[in-house]
Amino acid sequence: MLLKTIIRALPFSIASLFLMTACNGPSDDNDTGSGGEGSYSISLSYQSVVNGQCAETTDELRFDVTERFCAVAQLKQSNSNVSGAIVSFAPSFGQASVDSTLTNSSGIASVFISTTDNTVGAGTLMVSHTPTDTESETDDSVSASRNFEFINSTTTPTPETITINASITQAGQTVTRFKIDQAVLLTAAVLDGSNQPIADQLVSFQAGSASLSPNTALTSTDGIATVSYTPNSSELGAYSLIASTDFDGTTVSGSSAYEVLSGDEVIPEGTIKFGYIVDDETFIEDKLGSTLIADDPDADPLTYTIGAGASFGVYADVIIEAADGTFEPLQTPVSVSFSSDCVANGDASLDTPVTTSSGRANSTFQDSSCSGNSIRSQRIIAAAVIGNDTYNANFDFSLERQTLGSLSFISAEPNQIRIKGAGGTGSTESSLVTFLISSANGQPAAQQKVTFGLDTVIGGLKFANGDEAISNANGLVSVTVQSGTVPTPVRVSASAEDTDSGIIITTQSEQLTVNTGLPQQLGFNISPSLFNPEAADVNGVEVTMTAYASDSFGNPAPDDTTINFTTEGGQIQPSCLTVNGSCSVVWTSTDPRPTDHRVTVLAYALGHETFFDTNGNNIFDKDDGGVITNACLDIEGKETACTGNGMDIETYHQGGFSDLGDAFRDDDETGIRRDGEPYFNTSGKSYNSHCDEIDCENPFSGDGMFNGPQCDDTSEGEDDKFCGIEQANKTYIRAATVLTMSGSTAQIIPTVDESPIVDNKLTVTSGSMTSIDVELYDSANQMMPAGSTLTVAAVNGSITFSGYAVPNATCFKYKDITPRLSCDIEAADFYYTAADEAGEDVITLTVTTPRGIKTEESVEVTVQ
């Protein structure tokens with residue numbers, strides 16, 4: 001069917017559309033001022049920048065990081081322009097070309113706003129003017145604000161975004177039908193995702209079964225590659241032209257149908273037009289059709305609006321216009337690409353490229369997150385390369401502002417922070433809490449103001465940079481929580497108000513914990529992998545020493561808490577950093593070697609004394625009591641004063657705190673530091689120097705103050721203070737253990753009725769059974785190496801014995817003999833049954849160490 005009427009679209013620039021929106025639609029401006037007679041008012045708008053000058057007004061709030069935009073403030077007094085007045089520009093993100101400037105005769109003051117070092121981010125621009133006494137009888141400042149965001153919209157072509165449009169031209173006109181023996185140009189246009197030409201691409205052509213020579217060509221600066229083709233009579237019929245190129249190892253191709261006719265065929269002639277068909281008789285050039293209904297069907301020009309998150313269809317028609325003005329759809333398939341700013345920024349989608357069918361290409365626009373907090377103007381552009389010519393058509397519409405739907409908590413990094421002033425390696429006293437604000441259609445909502453709150457402000461807990469923030473392009477908004485001086489759980493609330501409905505949406509973060517950042521004495525422990533290695537005479541034997549540290553909540557001490565080690569004998573690695581509340585070092589046997597084979601190993605770390613929180617506020621205060629006199633237990637379970645040597649058995653109490661003296665390595669295991677034993681304190685002074693100022697009950701007594709940061713004595717008088725200050729607001733917590741550098745030669749002591757067998761000679765009656773106990777010690781009267789075994793055999797009699805292996809342990813039960821700390825441990829027992837006949841017998845006891853060293857002891861038995 002031939003169609004009759006073609007309408008050329010009247011010029012209507014996108015800039016004029018923006019101006020209309022700015023005049024009649026809502027914006028992000030927030031003007032303040034009295035607005036009465038003689039009063040000042042100020043407005044703020046944005047313009048694009050062209051050749052270093054402010055150009056067209058734009059409703060866009062997002063700009064590429066490589067660009068800058070023009071911020072324009074207009075100052076009026078009683079609706080009259082004010083010239084020569086100072087206007088200040090203050091962006092919360094990025095920078096202004098100048099901080100302030102004078103208005104011109106039109107009351108306009110403008111500056112350029114740019115980002116720093118191409119940094120991506122969102123902010124608010126505030127413009128303000130303060131009238132002077134000569135300008136106005138009032139002295140009220142006026143201001144206006146507007147949000148903005150810098151984004152990285154640079155895209156690198158990928159095989160997925162490259163398009164190839166294949167076509168055929170003859171005498172400068174695009175054709176789909178041509179005759180044999182007539183030369184045509186096979187053409188390919190290579191474009192990137194922004195419809196920009198790509199030069200110097202090698203393109204290969206295939207035209208049906210024709211033999212092309214050449215069949216390759218490079219694209220020009222216009223992205224066009226061509227080869228010549230003259231069909232012959234053997235190539236009559238319809239075929240496909242295929243043009244392909246290799247881009248980053250991927251083959252991208254495009255195709256176009258054509259038909260080779262005989263020499264006497266008649267080919268329709270006409271001019272190709274690009275636009276859309278309204279009806280059977282009307283075609284509008286350079287514009288796209290859509291499935292939308294105009295806001296006002298009687299308006300001129302027509303305007304279209306969609307809701308946030310909505311979708312609609314657009315279409316482009318390719319026609320051939322005859323000389324008499326009639327037209328018909330172009331039947332040859334043409335590749336049409338669709339684009340828009342929202343799609344380029346990843347905030348919406350369009351079907352592209354689309355190949356025409358019967359002259360029409362259909363595409364669907366789907367908004368995902370392009371709608372902002374004000375109405376946005378958008379333009380969809382369709383482009384098609386037909387032959388050597390590029391055709392464009394567009395469709396203008398507006399996106400309604402998004403309606404807020406939800407706020408959700410994303411993360412708190414980290415979710416545990418230390419109280420203010422606690423310090424520590426790798427510690428932090430602040431946490432970045434992030435939320436996601438979404439529109440009613442579930443898409444991220446950009447440029448939205450969110451207000452934050454804390455469910456507690458105990459100890460000075462606060463936000464580091466105010467309680468408001470603006471969401472970025474991904475709908476994410478963050479606030480920094482800064483710890484106070486009190487350990488506490490805390491949650492952050494977030495709320496945002498929908499401008500149209502006034503509905504406020506609110507959410508809350510998961511729990512963020514402010515802890516002491518320090519382990520406590522009651523939660524500190526040391527454990528060796530082997531207590532009694534065979535190391536008295538052997539170098540290089542290794543034992544793993546593991547320290548465990550917990551805070552006052554029973555949680556693992558923060559990662560990277562430093563734990564230090566010192567040893568009386570052998571060699572030990574100096575320190576380790578905790579992970580999940582523990583860390584380990586290696587002790588290695590070497591000199592020095594104590595003569596009693598007992599080696600004290602001490603671990604110590606910065607922490608705080610143990611306190612018992614009776615009122616549940618996680619602070620030691622006057623309600624919790626005072627110094628616990630006997631905070632530890634002795635080996636028999638009786639209450640006793642804590643010595644501070646790390647071997648104390650600390651226990652739980654109903655209130656108060658365990659007052660510790662300086663940490664020291666108790667090499668002689670007496671519980672009292674002697675000269676020469678190393679000690680550790682936070683003051684850098686002599687051991688227990690506080691005893692020079694107060695009356696210490698014991699030489700190891702503490703300073704009478706709670707040494708920890710979570711302490712409050714502010715309500716107490718000067719003489720009643722109980723919180724340690726400065727270096728005394730913490731202490732070295734300590735834990736110690738004793739290793740035995742066990743010897744390889746055994747002392748084997750058989751006993752009967754708790755008395756040693758004299759001269760290892762035993763007299764029994766024939767057939768009788770005797771119970772014999774065995775004590776095993778090394779050369780220093782200490783435990784034999786762990787894993788050493790005892791065997792027992794008799795020549796004539798029989799032995800009942802289940803075997804024995806030395807356990808992994810250190811001896812803490814002693815004989816009242818010299819040397820001190822000589823072990824008193826019964827290792828094993830066995831039964832000896834004498835032969836039925838009188839005579840002599842020999843019982844042999846053999847100890848074998850893990851290194852294979854044997855020690856034998858014999859008992860001579862007389863059987864009567």
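Student: Where is Gln 654 found?

Tutor: Gln 654 lies in the loop between strand E55 (649-650) and strand E56 (656-657). A strand here is a DSSP run of E, at least two residues, numbered from the N terminus. This is a predicted model, in which local features need pLDDT of at least 70, side-chain atom pairs count only at pLDDT 80 or more, and totals for chains, interfaces and linings use all residues. Residues are numbered from 1 along each chain as its sequence is written, and side-chain values use heavy atoms, with hydrogens and water left out.

Student: Why is Gln 654 called exposed?

Tutor: Its relative accessible area is 77%. Exposed means over 50%, buried under 20%, and partly exposed in between (1.4 Å probe, protein chains only), so Gln 654 counts as exposed.

Student: What does Gln 654 touch?

Tutor: Phe 612 and Thr 614, leaving aside residues up to four places away in sequence. Contact means heavy atoms within 4.5 Å.

Student: What makes E35 and E44 a pair?

Tutor: Three bridges join E35 to strand E44 (residues 512-515). Pairing takes at least two bridges found by DSSP, so these strands qualify. They run parallel, and Gln 416 stands opposite Thr 513 in E44.

Student: How do you know how confident the predictor is?

Tutor: From pLDDT, its confidence in each residue, from 0 to 100. The protein averages 86, and 92% of the residues score at least 70. Over residues 1-36, though, the pLDDT is below 50. Where pLDDT is low, the predicted coordinates should not be read in detail.

Note on methods. Helix = DSSP H or I, 4+ residues; strand = E, 2+ residues; numbered from the N terminus.
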